[in-house]
Amino acid sequence: MLGIILGLVVLMVLAYIGWSIIWVAPIAAGVVALTGGLDLLDAYKDTYMGGFVGFAKAWFPVFLLGAIFGKLMEDSGMARSVAVALTKLIGTKRAILGVVVSSAVLTYGGVSLFVVVFAVYPLALSLFREANINRKLIPGTVALGAFTFTMTALPGTPQIQNLIPMEHFKTDAMAAPIIGVIAALVMGVGGYFYLRWREKQLAAAGEVYTDPEDTKIMDASDSTPLFILSVLPLLTVLITLNLFKWDIVTALIAGIILIMLLNITKFKGFVKAINGGAIGSVTAIVNTSAAVGFGTVVKIVPGFEKLTDLLMSIKGNPLISEAVAVNVLAGATGSASGGMGIALEALGSKYYEIAIDTGMNPEAFHRVASLASGGLDTLPHNGAVLTLLTITGMSHKDSYKDIFVVAVLIPIIAVVVAILMAAIGIN
């Protein structure tokens, strides 16, 4: 069991200092294999790669189509159109709320987190400039809208963090809707009021808006597609997935086709957008598959049984041990989907058995697993955090404190609320 812990430490430390999980995960798996008495070569070629390929086989179509959908939304201007329209509706005086809602709508509609950052940032600059809010708060504001409640809590979200638990608990994307909505309110409302408090705190200290160097500020009057047309692909994905119960692959294909039909005059740019999305999806799926491969090796070493017993022996509701396992592994890998993939690959069947044997609703296990994946995953070495800070021109020192509060601390509180609700039978 110490070998498993050592492997996790190796994985987390090397990922934190910036080494790619693509080759860090096999190294960490090697540590686990050696300390667990496994043949190193067999553990890599058979066990590790078996887990890697198995996850890629199951989920690559979703990663691929999701990335293409997001890239087409971005390149067609539809993502920006949605963001601009919502901002006009909310008003420039409520800049933080405008950015949060814009990010949330895009994410809930199926646009990837990374694409949302690129689409919303120029608009955020314009709003924060108008409202005279310090740019340090932009990363935290985008993170609240894109990395939290629309990723893990809102029922029906097509984000991968809400889809992975489905196969383990035999549920659908709408699992535990009441828990999901309440958890979303905890994250959304709590994060928003925190950011407003920070806005006032910075203003009182004389820290207001300053223009970044060499960055174009978006004008809300810039030419974009019509909002009503731009929002249709997002609605198509949500409705076909949740109302008509289509497979997520089919739902995304429907959304992609609709984007291209509505932008047929821009057909020359379709290939470039599709290529860009496809290339981006490869990195995303390989990163997550690498983390899952590590978990597959962990699962077969003798110490894993003791670790499982330790997690399962956590007193009280079994949802507590599930939340701890998913959250810790998401933090270790710096990936919500990766950490949840490891935890559920190893323990998902046990939690499903517990649900069936005890009469607990498997939907509660689905929602708690999804929520827990969105806590410690957003530690400083998380890829989305690094991208967000790079795009916004901020450093960890400038903005990570705010990201931590809205995307780590408050989501963990939301998990606690979810577990308490499930314990009294509210799903």
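Residues are numbered from 1 along each chain as its sequence is written, and side-chain values use heavy atoms, with hydrogens and water left out. Because the model is predicted, local features need pLDDT of at least 70 and side-chain atom pairs count only at pLDDT 80 or more, while totals for chains, interfaces and linings use all residues.

A search of the whole structure finds seven salt bridges (a side-chain nitrogen of Lys or Arg within 4 Å of a carboxyl oxygen of Asp or Glu).

Select Arg198 and Asp402 to begin, where the side chains meet in a salt bridge at 2.7 Å, N to O. Arg198 belongs to helix 10 and Asp402 to helix 20 (residues 396-423), so the pair links distant parts of the chain, 204 residues apart (helices, H or I, of at least four residues, and strands, E, of at least two, are DSSP runs numbered from the N terminus). Both Arg198 and Asp402 are buried (buried is under 20% relative accessible area, exposed over 50%, partly exposed in between, with a 1.4 Å probe and protein chains only).

Next select Lys136 and Glu207, whose closest N and O atoms are 2.8 Å apart in a salt bridge. Lys136 lies in the loop between helix 6 (113-131) and helix 7 (138-146), and Glu207 in the loop between helix 10 (177-204) and helix 11 (227-230), so the pair ties together parts that are 71 residues apart in sequence. Lys136 is partly exposed at 22% relative accessible area, as is Glu207 at 28%.

Finally, select Asp75 and Lys71, which form a salt bridge with the closest N and O atoms 3.7 Å apart.
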